[in-house]
Amino acid sequence: MEFKHASVLLQETIDNLNIKGTGIYVDGTLGGGGHSFEIAGRLTQGGRLIGIDQDEAAIKAAEERLSPYRDKVTIIRSNYRNAPQVLKEMGIEGVDGILLDLGVSSYQLDELERGFSYKYDTKLDMRMDTRQSVSARDIVGGYSETELFRIIRDYGEDKFAKNIAKHIVRARQDKPIETTGELNEIIKAAIPAKMRQTGGIPPRRPSRQLELPAIEN
Ligand SMILES: C[S@@+](CC[C@H](N)C(=O)[O-])C[C@H]1O[C@@H](n2cnc3c(N)ncnc32)[C@H](O)[C@@H]1O
């Protein structure tokens, strides 16, 4: 599958980075290299972009996309939390800007084998770095209710985290949760129907019409 991803807030991001031609920049979530392409294109002699991503497919796509700027770009497959170490190994003591476009790429969501999609029923996986041994299936199947609650609350910021964790633990007692579709159904059942329609935001009451006195001619 072709690596497709539309970069979010591309112009705004590039404008706010105030790129200096000779500067050093880190893109910690390289993805398909959409933002990085624009950064690299603004670098001059001495400027450098270090692009980091933990996903092998993203690294391949970015290498291709950024090939016109090969002399100014270093691409590294890693977690961006290792950026200080990466920079140290490159002998870089400071940078002029860091970009983090957090989240998943459209490619990761659309590529069924990656097991992220709720749109299709596919084997539950969700590893961004496929070198990791622990998948979403292992977490959903093996973590305690308290651990699941903490993950869903802290990383998902879901206010129904407690109920979702409870439903997961109850469901897996009957059978292991194997697919994204099964997990989706369990999560749906843990969220009140009214809230599901609005994505957890309380439904808006119809606003009252402002009653103005009639103008008499
Ligand atoms: C929204 S995409 C980035 C898209 C990119 N800005 C572009 O314009 O093409 C997010 C990327 O961040 C990567 N990612 C997420 N968390 C990461 C982490 N902790 N370390 C390294 N890469 C990460 C994902 O693999 C994904 O490729």
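1. An oxygen atom of the ligand sits 3.3 Å from a polar backbone atom of Gly32. This counts as a polar contact, that is, a pair of N or O atoms within 3.5 Å. Taken alone the ligand exposes 610 Å², and the protein buries 95% of that. Accessible areas come from the Shrake-Rupley method with a 1.4 Å probe.

2. Basis. This is a predicted model: local features need pLDDT of at least 70, side-chain atom pairs count only at pLDDT 80 or more, and totals for chains, interfaces and linings use all residues. Residues are numbered from 1 along each chain as its sequence is written, and side-chain values use heavy atoms, with hydrogens and water left out.

3. Ligand nitrogens. A polar side-chain atom of Asn79 lies 3.1 Å from a nitrogen atom of the ligand. A polar backbone atom of Gln54 is 3.4 Å from a nitrogen atom of the ligand.

4. Shell. The ligand is surrounded by 23 residues, counted when a heavy atom lies within 4 Å. The closest are Ser7, His35, Asp53, Asp101 and Gln108. The shell divides into 15 polar, 5 nonpolar and 3 charged residues. Gly counts as polar here; Asp, Glu, Lys and Arg count as charged.

5. Sheet. The order is E3-E2-E1-E4, an open sheet of 4 strands with parallel pairing. Strands are DSSP runs of at least two residues, and two strands pair if DSSP finds at least two bridges between them. Strand E3 (73–77) and strand E4 (97–99) are the edges, each pairing on one side only. The twist averages 15° from one strand to the next.

6. E1 and E2. Strand E1 (residues 24–27) pairs with strand E2 (residues 48–53) in the parallel sense over 4 bridges. Asp27 stands opposite Gly51 in E2.

Conventions:
A polar contact is a pair of N or O atoms within 3.5 Å; within protein, one must be able to donate a hydrogen and the other to accept it, and residues adjacent in sequence count only if both atoms are side-chain atoms. Axes are lines fitted to C-alpha atoms, for helices over the stretch in contact, and angles run from 0 to 180 degrees between N-to-C directions.
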